[in-house]
Amino acid sequence: MWKPPQRIKFYSQLGSAPTVEQVQASRLFSPVHIGPLTLPQRTWVPAMVPWRSNDEGWVTEDVLQWYGRFARGRPGAIVIEATGIRDVPSGPLLRIGHDRYIEGLQRLVQTIHRESQGQTRALIQIIDFLNIRRRPEPAKYFERFLRITPRLRQALGAQDWNEEAVREHLIQMDPQQWPEVLDAREWEALHMGARERVTDTEWPHIQELPQVLPGLFAAAAGRAQQAGFDGVELHYAHAYTMASFLSATNLRTDGYGGAREQRIRLPLEVYAAVRQAVGPQYVVGCRYLAEECIDGGHTLDDAVWFGEQFARAGMDFISTSRGGKFDDAKQPGVGSSAYPYTGRSGYECMPQYLSDEQGPFGRNIAATARIRSAIRAAGLATPVVCTGGVHNFDMAEAMLARGDCDIVGTARQSLADPDWALKTSLGLGDQVRLCEYTNYCEGLDQKHKQVTCQLWDRMELDEPGLRKSSDGKRRLVAPAWEPPDA
Ligand SMILES: Cc1cc2nc3c(=O)[nH]c(=O)nc-3n(C[C@H](O)[C@H](O)[C@H](O)COP(=O)(O)O)c2cc1C
Ligand code: SF4
């Protein structure tokens with residue numbers, strides 16, 4: 001992962017461990033309304049892909065155990081990882097693109113409700129993403145994938161050569177010259193792996209996205225509702241299709257790109273279709289980027305305006321993230337695909353302990369606070385979730401007290417210690433296992449390996465019936481913790 005050049009080390013702090021009385025008087029442990037739903041407390045586990053599903057996208061036993069473990073810490077809400085809305089193979093990522101997934105998802109909801117003793121609401125993040133290919137072997141790329149176009153022939157001075165000779169010439173060429181003769185997309189396909197964009201409107205399946213996506217999202221949300229989820233989160237963040245429509249880099253000319261009014265059009269149409277499918281009494285919100293954090297990306301002004309429009313449209317909550325784009329991702333190894341958390345924008349999404357002066361804790365707060373205050377200024381009460389580097393009670397409480405947000409998201413802190421909020425609420429905050437923001441977990445995600453936390457994955461490996469990672473070396477969920485008088 002990209003690291004800021006300053007490489008200043010930051011260490012997470014426990015902060016004050018509040019007494020039970022302080023907890024009772026706190027904002028963090030007070031209820032909050034999300035549309036028709038009430039969360040008993042303002043803690044929120046944002047979506048995290050743990051690579052626990054299988055190639056068919058099913059809810060597996062490992063998926064149940066993963067979310068069951070978070071639920072035992074009784075956060076206000078858990079958002080299930082990005083779950084694909086299409087019925088197409090997508091590796092071991094959860095899917096919701098067909099009715100056959102409903103039964104497994106039902107078991108997942110039941111597990112969260114049961115393990116949290118009815119305290120935690122279960123939401124699911126639904127996602128669409130475009131195709132991205134692995135970085136190819138150069139010879140294979142030139143032999144099989146590259147289209148030999150008149151432009152390329154001209155660049156090579158090879159107008160009269162047969163296709164085989166052109167391909168062979170490219171293979172034999174000094175690699176330094178490849179970027180000089182290939183166009184930008186051909187070069188990207190070779191040195192990063194080909195990646196579709198929402199602006200590739202010469203392809204019918206990309207051109208048709210505005211016609212196709214509202215129905216796909218609506219059907220997926222309907223299935224989430226049938227499975228018993230308490231709500232859905234539309235994934236409008238990071239490197240994926242809907243965020244790419246919102247992005248300032250979206251220059252589509254069909255009314256769905258260019259000015260921000262046009263870039264938000266599809267996200268609003270998707271929301272309207274989803275709302276139509278699930279009715280007014282079902283929780284629907286979205287996660288989107290407070291800042292894209294790439295050159296030419298959308299500004300905070302755009303994000304403030306988007307937030308206001310989402311709230312006006314009737315979304316029940318708004319959750320923010322930042323960065324996480326393909327645009328500045330590092331070159332992957334041959335045979336791997338680009339990972340959108342390897343560049344500067346990836347750092348902004350999941351900052352780690354080696355940082356710049358600003359540090360890794362709360363980088364998303366100021367931007368989210370501006371979004372929330374614009375929503376409030378518009379006379380709307382839509383709750384806003386802020387995530388990024390939050391790991392203790394003091395920090396969360398201060399965010400709520402200042403009015404930066406209404407709900408506090410903790411992803412890696414919840415992974416490091418799924419019981420952190422429960423321990424804190426019982427006056428046992430000094431027992432919290434603090435996330436160190438090393439990004440070991442994110443490294444596993446990058447390699448598509450089962451995500452675990454280095455602070456607990458080698459503990460008590462001899463526990464009877466313990467499920468372990470495919471290499472047998474790591475436990476897959478944090479060891480159990482029981483409250484003292486349980
Ligand atoms: C392993 C891992 C997987 C993630 N998967 C998702 C995801 O599916 N959807 C999403 O919106 N964010 C995802 N994120 C980002 C987190 O939700 C969160 O925004 C980010 O980790 C910053 O918050 P934190 O500092 O509390 O960890 C993921 C993060 C991690 C560490
Ligand atoms: S591996 Fe654990 S300690 Fe390290 S960043 Fe991830 S959750 Fe935090």
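Which ligand takes the space of the largest cavity? In this predicted model, the space of the largest cavity is taken by ligand 2; a molecule sits in a cavity or pocket if more than half of its atoms lie within 2 Å of its grid points.

Residues are numbered from 1 along each chain as its sequence is written, while chains are lettered from A and ligands numbered from 1 in the order in which they are written. Local features need pLDDT of at least 70, side-chain atom pairs count only at pLDDT 80 or more, totals for chains, interfaces and linings use all residues, and side-chain values use heavy atoms, with hydrogens and water left out.

- The structure holds five cavities of 30 Å³ or more; on a 1 Å grid over the protein atoms alone, a cavity is a set of points where a 1.4 Å probe fits but cannot get out.
- The volume of the largest cavity is about 110 Å³, where a volume is the space filled by probe spheres set on grid points joined across faces, edges and corners.
- This cavity is lined by 14 residues, with Cys435, Thr438, Cys441, Cys453 and Gln454 closest to its centre; lining residues have an atom within 4 Å of a point.
- Around ligand 2 there are 13 residues, and Cys435, Thr438, Asn439, Cys441 and Cys453 come nearest; a residue counts as near if one of its heavy atoms lies within 4 Å of the molecule.
- Helix H18 (412–416) and helix H20 (440–446) each give at least two residues to the shell around ligand 2; helices are DSSP runs (H or I, at least four residues) numbered from the N terminus.
- H18 provides the largest share of that shell, three residues, and also the largest share of the cavity lining, three residues.
- The shell of ligand 2 comprises eight nonpolar, three polar and two charged residues, whereas the cavity lining comprises eight nonpolar, four polar and two charged.

**Ligand 1**

- A nitrogen atom of ligand 1 lies 2.8 Å from a side-chain N or O atom of Gln125.
- Oxygen atoms of ligand 1 lie 2.8 Å from a backbone N or O atom of Ala411 and 2.7 Å from a polar side-chain atom of Arg412.
- Of the 610 Å² of accessible area that ligand 1 has on its own, the protein covers 98% (Shrake-Rupley method, 1.4 Å probe).

- A pocket is an open set of points with protein on both sides within 12 Å along at least five of seven lines.
- The second largest pocket has 27 lining residues, and Phe145, Arg185, Ala189, Ala194 and Trp203 lie nearest its centre.
- Helix H4 (138–145) and helix H8 (184–191) each contribute at least two lining residues, with the largest share, four residues, coming from H8.
- This lining divides into nine nonpolar, three polar and 15 charged residues.

Conventions. Ala, Val, Leu, Ile, Met, Phe, Trp, Tyr, Cys and Pro count as nonpolar, Asp, Glu, Lys and Arg as charged, and the others, Gly among them, as polar. A polar contact is a pair of N or O atoms within 3.5 Å; within protein, one must be able to donate a hydrogen and the other to accept it, and residues adjacent in sequence count only if both atoms are side-chain atoms.
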